[in-house]
Amino acid sequence: MSSPYLSDDCIYCILKYLQDDRSTLFNCLLVNRLWCRETVPLLYKNPFNQLSYEYNKKSKIIFNFILCFDKAEILRFKNQLNQYNININDVNINDIIKEPLFEYSKYIEYYDYLVINRIIFFWFWEYLNIKEDHGIVREFILTFHQSNLRKSINIKQSIISFQFDYQDYNIKSIPQNFSNLKSLSLCDINLKPNKGEVLLKKFQKHSLVYIEFVAISFRDISFEYLIILYNLKYLNFYNCDGLSIDQCRILNFASFKLKELTIKSNIWNDKVTSSIIKYLGESLQKLYFHGDLTILIIEYLSLYCLNLNNLKITIEPEIAFSLIPYFKNLRIKISIQFFSDFQYTIFGFKHTILLKAFFENLPHHFETISLNINIHSVYLKIILNYIKKENNSLKFFGMGKLERVLNDEETKLLDQIRARGVSLIYFSSIYHECTPITYNLI
């Protein structure tokens, strides 16, 4: 009786189902040549993932990619080792000149510079007892990125982040062939004039869907090469500075229709934030703002974000009463979330009045409202009064986690709220649902 036969397609489906189980995939490499050939691309989609505490795998992954160096890169590495008087035999450099079994770089879909640099730092320290600030480490990082990215034609998601003085290396090591790149995070990159434009030019305008700027200074940087990314749907600014109103005006000519916008902890005034909202707000479905909330920002949310489904705002406990009436004009269709430290601060009379003022000035059409407050009879009465308003649409209300037994009054109030069709949900579950996504294709 012949052995059961699995078609190539069937084997591929099995391996794809196992793609998140790396330990099993490593075992699949050993079945036969076919299984090995089909498994390697899955393992090397995101080869540097989950290597934080696995020294042997860190070392092996570095050696596997050194195998993919071309002859010039191998020679350069050997010369660097000689230049710094490092024993060549310590890294078996003569053994790695042989051809690799696979061109591992071409399978990479996720490329995080920061994670890879850390693995390289670890490798040099553990394997060669060389610290990360050594000259050969800096030179090797440049070679390593250039070698991989030159051959990486399938990268869909990249986080470009450098520390120390790699700024001149950054731009050189980024290839022109990121034609499949859909998600890009730029972290702590020096986007000074000309260099920033060169960087953004390298990415295909038709492919990018998500772009994130983290700790970027936009001083004298033009958005000219951002506005042509016509498929862009998700845009994040986090801990950035140096942006002016004049720089924002070009966003009025953006070719893309943004779905989600995050503006978090940036160092610029409310006029800059309001300008971004004005020029990009028309198509927005979800917005997350964390910073100093002002009347101007609320007004612009009301005027220019008419298609919002979800709005998440961080409100400080000391928010001015003068801001609260402006919430009446918000036109969010489904969900609004106020993230705050109210659970620690609403104890006194003043804060109870603040909470009451919030609900008195919130529109009636929200289906979901979330406030990080604990269950208390005073707060439940305020919520119940809001729900009793005519044409109220509330279906879900997020509150703090219950960590005690409710008293009779609180139980009765909760029953009345539920009787009106409102479900009380733990704040955290709504928090994660309403948080702008981290775009992930892997």
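Predicted model: local features only at pLDDT ≥ 70, side-chain atom pairs only at ≥ 80, totals over all residues.
**View 1. Aromatic pair Trp123 and Phe140.** The whole structure holds 28 aromatic pairs. In the pair formed by Trp123 and Phe140, the ring centres are 5.7 Å apart and the planes meet at 25 degrees, so the pair is classed as stacked; the limit for stacking is under 30 degrees. Trp123 comes from helix 6 and Phe140 from helix 7 (residues 135-151), so the contact ties together parts 17 residues apart in sequence. Trp123 and Phe140 are both buried. For the rings of Tyr300 and Tyr304, the centres are 5.2 Å apart with the planes at 50 degrees, so that pair is tilted.

**View 2. The largest nonpolar core.** This core has 120 residues, and those touching the most other members are Phe140, Phe144, Phe213, Phe218, Ile276, Leu287 and Phe359. Helix 6 (residues 113-128) is the element that gives the most to the core, with 8 residues. Domain 1 (8-45) and domain 2 (315-430) each supply at least three residues to this core.

**View 3. Lys312 over the ring of Tyr288.** Lys312 is placed over the face of Tyr288, 3.8 Å from the ring centre.

Technical notes. Residues numbered from 1 in each chain as written. Heavy atoms only, no water. Core = buried A, V, L, I, M, F, W, Y, C linked by side-chain atoms within 4.5 Å. Buried < 20%, exposed > 50% of the residue type's maximum accessible area, 1.4 Å probe, protein only. Helix = DSSP H or I, 4+ residues; strand = E, 2+ residues; numbered from the N terminus. Domains from an automatic or database assignment. Phe/Tyr/Trp six-rings, centres within 6.5 Å; stacked < 30°, edge-to-face > 60°. Lys NZ or Arg CZ within 6 Å of the ring centre and 35° of its normal.
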